[in-house]
Amino acid sequence: MTRTRRGDTVDGQPALTLRRPPRARLVERLRRRFATSPWAAAAEMAARLGYVARGVVYLSTGGIALLAVAGLAPHTRSPLGGLMAWAHWPAGVVLLWVTGIGLYGFAGWRALQSLLDADGQGRTAKALASRAGQALSGLIYGGLAVSIFGVIDTLHDLRHAEVEKISERVAGVMAWPLGPTLVLALGLFILACGAGNAIRAFVDDFGSTLRCDRQTRRWACRIARVGYFGRGAAMLPVGFFMLRAGWHERAQEARGVGAALWALHAEPAGDLVLALIGLGLMAFGVFAFVEAWRRPIRPEGAFNDLI
């Protein structure tokens, strides 16, 4: 069947418009971009894989939290702990490799966004704050990627590794000049990030960064609001425990995401709060998949600045 474009006619009659499925259009566009701008196309592929990897991390963390509340799985002490559960699956190591590579790609994309302004945000105060947040995000996901490959290398001895790392890192900062003050500042920063994510859930237009039809944009925006609120709520206990560690000058009081959330388990209605946060984290993961598929990624400008 011959493909026609909108406005074409056949025998004097309007022609039927045939549109290729979105997947075919994406593959064709990437093929053309690799032919004309291979570095930018490779960066786009890495960024999209990175969004998928970020979604996997949050889906794993939220899903394990829900299973733990239901008594079907042991609680984990960090996002890495959720990924560690994959090691018991036949294809788990392969999934860990793909996720780790994807997170490296996402960290690279964050570097392009923050350092070279790949999104074209500009140099206003709001834009610079956003780019600073993207730089910090890149460091965090890059560190998580390093940890994942450490998991692959040391699958035999991981039960308490992450908690020990957190305590050791905080203890190392405590030993610096003004170390407890720095830990207090870090706790306040984490609390501010959590509050900022929760506020964004109500004020941001998450659909503005997506290229899709109105209906898809509407439900994606709703998922993003739930996800950002859940992500912000998950940060608050982490910041609280970091503040306690700095105030009491005891590094062992610091907690990662999983351990901080699990502390809610003993509180009144703690399981309900933990379950809601788990659902929020899973929603954030789903939105990351939507971004991987529908977010425009154009790093050409950033590469032109390097030339």
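1. A quick definition to start: helices (H or I, at least four residues) and strands (E, at least two) are DSSP runs, numbered from the N terminus. With that in hand, a word on the model itself. It is a predicted one, where local features need pLDDT of at least 70 and side-chain atom pairs count only at pLDDT 80 or more, while totals for chains, interfaces and linings use all residues. Residues are numbered from 1 along each chain as its sequence is written, and side-chain values use heavy atoms, with hydrogens and water left out.

2. The overall layout goes like this. The chain has 11 helices and two strands, and reading along the sequence gives β-β-α-α-α-α-α-α-α-α-α-α-α. Of its 307 residues, 42% count as buried. Buried here means under 20% relative accessible area, exposed means over 50%, and partly exposed is in between (1.4 Å probe, protein chains only).

3. Have a look at α7 (residues 179-203) and α8 (residues 214-248). Their axes come within 7 Å and cross at roughly 165 degrees, which makes α7 roughly antiparallel to α8. The axes are lines fitted to C-alpha atoms, for helices over the stretch in contact, and the angles run from 0 to 180 degrees between N-to-C directions. As for the wording, angles under 35 degrees count as roughly parallel, over 145 as roughly antiparallel, 65 to 115 as roughly perpendicular and the rest as oblique.

4. Staying with that pair, the crossing of α7 and α8 is left-handed, meaning that the near helix is turned anticlockwise from the far one by less than a right angle (clockwise would be right-handed). The residues of the contact between α7 and α8 divide into 23 nonpolar, six polar and three charged.

5. The axes of α8 and α10 come within 7 Å and cross at roughly 130 degrees, so α8 is oblique to α10. This crossing of α8 and α10 is left-handed too.

6. The largest nonpolar core has 31 residues, and W109, Y228 and F287 have the most contacts inside it. Such a core is a set of buried Ala, Val, Leu, Ile, Met, Phe, Trp, Tyr and Cys residues joined through side-chain atoms within 4.5 Å.

7. Two loop residues deserve a glance. D117, in the loop between α4 and α5, has a positive phi of about 55 degrees although it is not a glycine. E249 also shows a positive phi of about 55 degrees without being a glycine, and its place is in the loop between α8 and α9 (257-262). D117 counts as buried at 18% relative accessibility, whereas E249 counts as exposed at 55%.

8. Y58 lies in helix α2 and is buried, with a relative accessible area of 14%.

9. Finally, the cysteines. Taking a disulfide as a pair of cysteine sulfur atoms within 2.5 Å, the count is zero. C212 is buried at 14% relative accessible area, and C221 counts as buried at 10%.

Conventions
Ala, Val, Leu, Ile, Met, Phe, Trp, Tyr, Cys and Pro count as nonpolar, Asp, Glu, Lys and Arg as charged, and the others, Gly among them, as polar.
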